[in-house]
Amino acid sequence: MTDPRMRAFRDRVGGLAYGGDYNPEQWDPGVWREDVRLMREAGVNLVSLGVFAWASLEPEPGEYEFGWLDEVMDLLHENGIAVNLATPTAAPPAWLTHRHPEVLPVMADGERFGFGNRLHYDPSSPIYREHAANITRRLAERYSFHPALAMWHISNEYGPTAYNEAASAGFRRWLRRRYGDLETLNEVWTTRFWGQVYTDWDQVEAPAVPRTWMNPSRILDFKRFTSDALLECFVAERDIVRSFRDDIPIVTNFMRFYRHADYWRWAPEEDAAALDIYPDPADPDAHVSSAFQFDLFRSLKGGRPWLLMEQAASAVSQWRLNVVKEPGRMRLGSLQAVSRGADSVMFFQWRAGRGGHERFHSAMLPHSGPGSRTFREVAALGREAGLLAPVAGTTTRAEVAVLFDWNNWWGLEELWGLPRNDFSYVDTVMRHYRPLWEHHYAVDVVSTRSDLSPYKVLVVPNAYLVDDEGAAAVTEFARSGGTVVMSFFSGVVDACNRVRPDGYPGAFRRLIGAKIDEYWPARPGERFTVDFADGHTATADWWREDIHLETGTALATYADGLLKGRAAVVANEFGAGRVVYFATLLEQDAFDRVLIGELRTAGVENRFDGLPAHLECTVREDERHEYLFLLNHDAEASVAVPVEGDGTDLLTGLPASGEVTVPPLGAAVVRRARRA
Ligand code: GLA
C-alpha cells in the first residue's frame, strides 16, 4: 500500500497521533501557554486547530485576523506539537448569513434553518462555496509551509441536506449528467405513476413538501445528489489546499452510522478515513457497534489505517442523560479503536469550554483541571499511545466481509411504501455482525465495488436495493467458491428503486435457488416455529416469505402457520460456492448458530475460538511482527489467555508467553514475531 503522505505523517508524529480539537480562539492568550505545557504533560503530539474559527479569522468580509493563529501555530511548533489545521467552513459567520440569507439551508418542511447553531449552509449555494473557497485559500496561502502543519482537516462533519433554490438547480444539473435527457428521467423515475411526467427540466425540484408518499426514485436520487453536493464542497477545498502543497495529508471527519453521505464515494477522495464517535456510556453494548464502525473505517480505504478524530474523554452533552465514562472505559474504547486499525486517538476537545452549547461536554482537560480523574487518565493514555508507536501503519487481515451500502440504506429507510416500513438497516447489520464479534472473527466491511477476492464468506444483510453490477459481484463471489450468507428482502429493486422483473428476489433468484411468490410481513405479536433439518427448533417473527425452492434445499421449514412445510432457511450450492438465505427473522441464537456454522464449514481462520465473548481479540500486523490486542470488556472478571511463542506486552514492557492475564476492563498488546 503506497500512501506516502500518511507514511510521512506517521513519521512526523512518531507513531500514533494523540490529541484533540484545540479552540484557543475561545480563550485569553494567557491560557495558551498553560495549555501547551499540559499538552506536553499529556503526551499530545497533534491538535486539530481552527475547526469553527471562521468568525475569528475573517471577522468582517475581506478583513482577516491571522495574528492569533500565527502565535498559536508558532507556540505549538516550539513545543513539538503538530497541527491538523481545519478550514473553518462548517461555521459560516453571522455577517455572511445576514448579508446572504440564501446561504442558510431550507429544511424539508420549507422552513429556513436560522443562524445560531453550526452547519448552517446549503452545500449547493454558490455564495457559500465562493466564501468557503476564499477563506480556505487565505489559510492555505499563509500556513501551507508553516512548520507546525502536519495535516489538513477540511471543514467538519459534512452533513446538511438543503432544499433551497440552489439545491434544486444543482439537483437538475446532477440529473442531467446522470440521465442525459428528460425521457430517460421520466422512465427511470416511473413518472407515469400518478401522472408525475416532466416536460421541462425546470419542473424538476428538490423533493421538499410534501414529505410523504413521494416518488421513491426521486427521493433516492436526491439522497445521492446531496451526498455528492457535500462531497463537491470537500473536493473544492481539498483542491485549493493541495494546489499549494502536495505532500500533506488531507482528511475530513465522518460520523458514526451517518446516513446522509455515502462514505464509499467519499473515502477515495481523502488521504485517510477519519471518524468521530461518541458511544453512549450508558449503553452496555456500545462497544460492539463501535467495533463495527472501526471495521468500516478501516475498510473504507481498503484496509489502510484510519484516524480516530474525535471521541469524548468522559461524558458528552448531547443526550437527555449524559453519564460519565467510568474509570478505565475511555482507555479501553481508545485501545479498541487502535486494535481495529486506528493510527490516532483524538478527542473533542482539549480544554472544556466555559460557555456555549457544549459547556458540559467532557474534555481532555476538564473544568476541574489537571488534578482531575479525567486528566490523569488522559495523561496515562498519552504515555501508552507513545508505547504503541510500533503499531502505527500496521494492517489487519480478514476472511469474512459484511456488505454495507448507503443506497440500500436509503432504499430501506427513506421512504414508505414497502411491505413493512420499520426496517432499521443498522440494527439488521448489527444482528449479523454481533455473532462475528462475539466469536472473535476478523471482519472487513465491503461495498459491492470492493475487491471480494480475499474473503471466504460474504455476509449480505437485507440487500433490498442492489444495482446490476453489485448483484453480479455477489453472484460471482459465490460462483467462484465463496459462501454468501444473505438475509430476507434482498435483491428486490434495481438502482432506480424499481422492482426487478420476473418475480422476487429478482437479482438473486438463481443465486438462492428459490423463487418468492409473496412477502409476508408478520402481524404484530405473530411468532412461528421453525424446524431445522438437523433436529434443532427455533422461533422466528417479523417477516416470512412464501418461498418456492428451485435448485435450493430447505435447511429449516416452518412447523406451523399457513406456510407450514415451506422453507424458512434455504441452502443452495451455486457454482463452486454456496449460499445460505434466511427468509425469516430467526431468534438470534439460532441465527448465530447457522452463521457461525457456515464460517466453520468455509474454513475461516479463527485464532481465538473458545475465548469469552467479552474479551475482544484482534490482530494487527506488518511484515515482521504481529500485535495481539486483548481487551477485557468485563468490569469484574479477569481472563487468562493462552499465548503461543515469545512475545512482549507493549503496554507493560513485560514478557508475554504461555499465558497472559487480562484484568477487568484491562488490556494487553502483545507483540511477537510473525508466524510463518
Ligand atoms: C462532533 C463535532 C464536535 C463536537 C462533538 C461533541 O463530533 O465535530 O465539534 O460538537 O461532536 O458533541
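In which strand is Phe-254 found? The first legend answers this, and the others move on through a model that is predicted.

**View 1. Phe-254 in its strand.**
Welcome to strand S6, residues 253–255, where Phe-254 is found. Phe-254 has a relative accessibility of 2% and so counts as buried, the cut-off being under 20%. While you are here, look for Tyr-158 as well: 96 residues separate Phe-254 from Tyr-158 in sequence, yet their C-alpha atoms are 7.3 Å apart in space.

**View 2. The residues around the ligand.**
This view gathers the shell around the ligand: Phe-52, Arg-118, Asn-156, Glu-157, Asp-276, Tyr-278, Glu-310, Gln-318, Phe-348, Glu-358 and His-361. By residue class, the shell holds five charged, three polar and three nonpolar members. Two domains take part, as domain 1 (1–32 + 282–393) and domain 2 (45–272) each supply at least three residues to the shell.

**View 3. Three glutamates and the ligand oxygens.**
Here we zoom in on polar side-chain atoms facing the ligand. For Glu-157, such an atom lies 2.4 Å from a ligand oxygen. Glu-310 places a polar side-chain atom 2.5 Å from an oxygen atom of the ligand, and for Glu-358 the corresponding distance is 2.4 Å. Taken alone, the ligand would expose 300 Å², of which the protein buries 96%.

**View 4. The backbone at Glu-157.**
Most residues other than glycine have a negative phi. Glu-157, although not a glycine, has a positive phi of about 40 degrees. The relative accessibility of Glu-157 is 12%, so this residue counts as buried. Glu-157 is also one of the residues that surround the ligand.

**View 5. A cis peptide bond at Phe-348.**
Follow the chain to Phe-348, one of the residues around the ligand. Phe-348 is joined to Gln-349 by a cis peptide bond, with omega about -5 degrees. Gln-349 sits in the loop that runs between strand S9 (342–347) and helix H13 (373–387).
Ala-352 lies in the loop between S9 and H13 too. With a relative accessible area of 4%, Ala-352 is buried. Ala-352 and Ser-362 are ten residues apart in sequence, and 6.3 Å lies between their C-alpha atoms.

Another cis peptide bond can be found between Tyr-504 and Pro-505, where omega is about -15 degrees. Pro-505 belongs to the loop between strand S13 (483–487) and helix H17 (509–512).

**View 6. His-440 in its loop.**
His-440 is a residue other than glycine with a positive phi, near 65 degrees. To find His-440, look in the loop between helix H15 (425–438) and strand S11 (443–446). His-440 counts as buried, at 6% relative accessibility.

Helix H11 covers residues 286–300, 15 residues in total. From first C-alpha to last, H11 reaches 21 Å, close to the 21 Å expected at 1.5 Å a residue. Because 15 of its 15 residues are buried, H11 is largely enclosed by the rest of the structure. Just after H11 comes Gly-302, which takes a positive phi of about 65 degrees.

**View 7. Helix H12 and its buried residues.**
Helix H12, residues 329–339, is mostly covered, with eight of its eleven residues buried. To pick them out, look for Met-330, Leu-332, Ser-334, Leu-335, Gln-336, Ala-337, Val-338 and Ser-339. Just after H12, Gly-341 adopts a positive phi of about 110 degrees.

**View 8. Tyr-128 in helix H6.**
We finish at helix H6 (residues 126–143), where Tyr-128 is found. Tyr-128 is buried, and its relative accessible area is 0%. Arg-138 comes ten residues from Tyr-128 along the chain, and the C-alpha atoms of this pair are separated by 16 Å.

Note on methods. Residues are numbered from 1 along each chain as its sequence is written. This is a predicted model: local features need pLDDT of at least 70, side-chain atom pairs count only at pLDDT 80 or more; totals for chains, interfaces and linings use all residues. Side-chain values use heavy atoms; hydrogens and water are left out. A residue is near a molecule or strand if one of its heavy atoms lies within 4 Å of it. A polar contact is a pair of N or O atoms within 3.5 Å; within protein, one must be able to donate a hydrogen and the other to accept it, and residues adjacent in sequence count only if both atoms are side-chain atoms. Accessible areas come from the Shrake-Rupley method with a 1.4 Å probe; for residues, only the protein chains shown count as cover. Ala, Val, Leu, Ile, Met, Phe, Trp, Tyr, Cys and Pro count as nonpolar, Asp, Glu, Lys and Arg as charged, and the others, Gly among them, as polar. Domain bounds come from an automatic or database domain assignment. Helices (H or I, at least four residues) and strands (E, at least two) are DSSP runs, numbered from the N terminus. The expected span of a helix is 1.5 Å times one less than its number of residues. Buried means under 20% relative accessible area, exposed over 50%, partly exposed in between (1.4 Å probe, protein chains only).
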